[in-house]
Amino acid sequence: MAWRFALMIDPAAAGDDRADYADTFTEVDPAAPALTVGELSTQRGDGIFESIGVVDGHPQEVTAHLERLAHSAQLCELPLPNLAQWRAAVDRAAAHCGPGESVVKLILSRGVEHGPAPTAWVTAAAASDFTRARTEGIRVVTLDRGYSLATPARAPWLLLGAKTLSYAVNMAALREAKRRGADDAIFTTSDGYVLEAPTASLIVRRGDTFVTPAPNAGILHGTTQLSLFEHLALRGFAVGYETIPVATLAEADAAWLVSSVRLAAPITAIDDAPLAVDAEFTASLNTYLLSPRD
Ligand code: PLP
């Protein structure tokens, strides 16, 4: 990871609105140790995060990311983040990104065991080059996530709609996908419905209609999917949320995994069944996603 910047944040309470949050920020060397051994983010993955794409110094869709951070905090019973403070931290990190594509990461941890406050920080790093995934596409396999469509409502302590730091399962799914000769995965429920990818949302095209699984408590509501739906609606396409049976994926005319940093990656095959890729149309989506978006 080519780190560019790291900033520790002394979290202000939500509603503690100030003209300037500079005295709550401490710039640290991203290559040097910064957390204590009692950190619950590292001991238990007990915290939440956001990854924001930055293009030529412009952080994309900051409001949507901050709203999701607040939603995750609420689900995890963490103190509600002061969004003006986080926005100021994002701006400060983005100012260190320079030209090209970068990623700014926001992390809010429950803090140090028995400590007084959450730990919070942002980092900025150069993004990987995703040209190949965006242009040549990705092969995906479906993987059982191990719970039914009804589980999230029945067991909210699973935190299934929160973007928590506990991504070991998501990373294991990516390794399993690679073992099966694919690039990525689509999680499915145990009762046969489509959810999301380990680090992306799924968008399916049928004719001139674009659908994505309903963002109920079982999946994250993707900021990239939201932004693309707005864009597609302006272009005259129909967009919508659906409960999508896995069996109907075979009827798709096209499909993409979309996320803040890799952007729109067209799917070339699902479980070895080939899917057509419209290279020109996909390029138009990525051109939009690379344009400055607020
Ligand atoms: N779903 C999961 C599980 C994710 O981790 C992500 C992003 O990392 C997404 C969906 C896509 O969200 P976004 O478009 O906001 O990056």
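A residue counts as exposed when its relative accessible area is over 50%, as buried when that value is under 20%, and as partly exposed in between. Keep those cut-offs in mind as we walk through this model, which is a predicted one.

Setting aside residues up to four places away in sequence, Asp144 touches Thr188, Thr189 and Ser190.

Beyond its neighbours within four places in sequence, Ser148 is in contact with Thr189, Ser190 and Asp191.

Now to the backbone. Glu61 is not a glycine, yet its phi is positive, at about 55 degrees. Its setting is the loop between strand E4 (58-59) and helix H2 (62-75). With a relative accessible area of 12%, Glu61 is buried. Leu159 likewise has a positive phi of about 55 degrees without being a glycine. This residue sits in the loop that joins helix H5 (151-154) to helix H6 (168-179). Leu159 is partly exposed, at 28% relative accessible area, whereas Glu61 is buried.

Phe281 counts as buried because its relative accessibility, 9%, is under 20%. Leaving out residues up to four places away in sequence, its contacts are Arg205, Phe210, Leu232, Arg235, Phe237 and Trp256. Pro266 is 15 residues from Phe281 along the chain, and the two C-alpha atoms are separated by 10.0 Å.

What about the cysteines? A disulfide is a covalent bond between the sulfur atoms of two cysteines. Here the disulfide count is zero, by a rule that asks for cysteine sulfur atoms within 2.5 Å. Two cysteines to look at are Cys76, buried with a relative accessible area of 7%, and Cys97, buried at 2%.

Finally, zoom out to the whole protein. There are eight helices and 14 strands. Buried residues account for 51% of the 294 residues. Of the contacts with a separation of 6 or more, 71% are between residues 24 or more positions apart. The C-alpha atoms fill a box of roughly 55 × 45 × 35 Å along the principal axes. For 294 residues, a compact globule would have a radius of gyration near 19 Å, and the protein's own value of 19 Å agrees. The protein exposes about 13500 Å², with carbon and sulfur atoms supplying 54% of that area. As for charge, there are 23 positive and 35 negative side chains, and the centres of the two sets lie 5 Å apart.

Key: Residues numbered from 1 in each chain as written. Predicted model: local features only at pLDDT ≥ 70, side-chain atom pairs only at ≥ 80, totals over all residues. Heavy atoms only, no water. Helix = DSSP H or I, 4+ residues; strand = E, 2+ residues; numbered from the N terminus. Buried < 20%, exposed > 50% of the residue type's maximum accessible area, 1.4 Å probe, protein only. Rg over C-alpha atoms; globule rule 2.2 N^0.38 Å. Contact = heavy atoms within 4.5 Å. Areas by Shrake-Rupley, 256 points an atom, 1.4 Å probe, with all protein chains shown as cover. Lys, Arg positive; Asp, Glu negative; His and termini not counted. Charge placed at Lys NZ, Arg CZ, Asp CG, Glu CD.
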